[in-house]
Amino acid sequence: MGGVRGLAVCGAVLLAVVAAVSPARAAGEEPEADLSYHGSAVLAGGRVDVLLAPRNHGPGDVPDATVRLRWSAPSAAREPLLPAGCARTGRQEVVCRTGALAADGPGERIALRVWLRGRPAEVTVDVDTVWGGGAVDRNRANDRRQVLVLDTGDAYFF
């Protein structure tokens, strides 16, 4: 009987610690975070290079998130070379893990290079969050970007 009482006390202490560390979860609410993406895109001779910097404006940490990048022209290669943590999900779409994003902190930069079919004179690159690590993002305006990139070799920042 003493063992059962000891387990009950340990369980109550553990619950109190979890509630103190994570009050939002203890109250049955989802954690909250505010993801955003900034970066640049360059189009030159049918190749688009995208450098993306994810950021979490908080208030909570995000253990991992997934960002989607889409362009308005299909890729030339069946399987473009992608960095670790990225996967092609369509002819014009790639998803990438952001990794852990601390509250009010930047994430690791994501760099993509994709060859486009037909060497277009311009391409539209869309960036948005697919999964926010289970956190609620009440400001979705800053995690959706669209940038028009002309085949000039110049960097277009967003």
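This is a predicted model: local features need pLDDT of at least 70, side-chain atom pairs count only at pLDDT 80 or more; totals for chains, interfaces and linings use all residues.

Modeller: Residues are numbered from 1 along each chain as its sequence is written, and side-chain values use heavy atoms, with hydrogens and water left out.

Biologist: How many helices and strands are there in the protein chain?

Modeller: Helices (H or I, at least four residues) and strands (E, at least two) are DSSP runs, numbered from the N terminus. Along the sequence the pattern reads α-α-β-β-β-β-β-β-β-β-β-β. The count for the protein chain is therefore 2 helices and 10 strands.

Biologist: In what order do the 5 strands of the open sheet stand?

Modeller: Two strands pair if DSSP finds at least two bridges between them. Strand β3 (residues 66–71) and β5 are antiparallel over 5 bridges, and β4 is joined to β5 by 4 bridges, also antiparallel. The pairing in the open sheet is antiparallel, and the order is β4-β5-β3-β8-β9.

Biologist: Which strands are the edge strands of this sheet?

Modeller: An edge strand here pairs on one side only. In the order β4-β5-β3-β8-β9, the edge strands are β4 and β9 (144–150).

Biologist: Which residue of β5 is the bridge partner of Arg68?

Modeller: β3 and β5 pair in the antiparallel sense. On the β4 side, Arg88 stands opposite Val94 in β5, and a hairpin of 2 residues joins β4 to β5. For Arg68, the bridge partner in β5 is Val95.

Biologist: Which residue does the disulfide join to Cys86?

Modeller: A disulfide is a pair of cysteine sulfur atoms within 2.5 Å, and by this rule the count comes to 1 disulfide. The S to S distance is 2.0 Å, and the partner of Cys86 is Cys96. The two cysteines are 10 residues apart, with Cys86 in strand β4 (residues 86–90) and the other in strand β5 (residues 93–97), namely Cys96.

Biologist: Is the disulfide of Cys86 and Cys96 right-handed or left-handed?

Modeller: A disulfide is a covalent bond between the sulfur atoms of two cysteines. The torsion about the S-S bond of Cys86 and Cys96 is about 115°, so the disulfide is right-handed.

Biologist: Is Cys96 buried or exposed?

Modeller: Buried means under 20% relative accessible area, exposed over 50%, and partly exposed in between (1.4 Å probe, protein chains only). Cys86, at 17%, is buried. Because the relative accessibility of Cys96 is 1%, Cys96 counts as buried.

Biologist: Which residues have the most contacts inside the largest nonpolar core?

Modeller: A nonpolar core is a set of buried Ala, Val, Leu, Ile, Met, Phe, Trp, Tyr and Cys residues joined through side-chain atoms within 4.5 Å. The largest has 29 residues, and β1 (35–44) gives the most to this core, with 4 residues. The residues with the most contacts inside the core are Leu69 and Val123.

Biologist: Where does Leu51 lie, and is Leu51 buried or partly exposed?

Modeller: The place of Leu51 is in strand β2 (residues 47–56). Contact means heavy atoms within 4.5 Å, and, beyond residues up to four places away in sequence, Leu51 touches residues including His38, Ile110 and Phe158.

Biologist: Which residue is joined to Gly58 by a cis peptide bond?

Modeller: The omega of this bond is about 10°. The residue lies in the loop between β2 and β3, and the name asked for is Pro59.

Biologist: Is Asp104 buried or exposed?

Modeller: Asp104 is found in the loop between β5 and β6 (105–106). Asp104 has a positive phi of about 55° although it is not a glycine. With a relative accessible area of 55%, Asp104 is exposed.

Biologist: What is the relative accessible area of Arg119?

Modeller: Arg119 is placed in the loop between β7 and β8. Phi of Arg119 is near 45°, a positive value in a residue other than glycine. Arg119 is exposed, and its relative accessible area is 57%.
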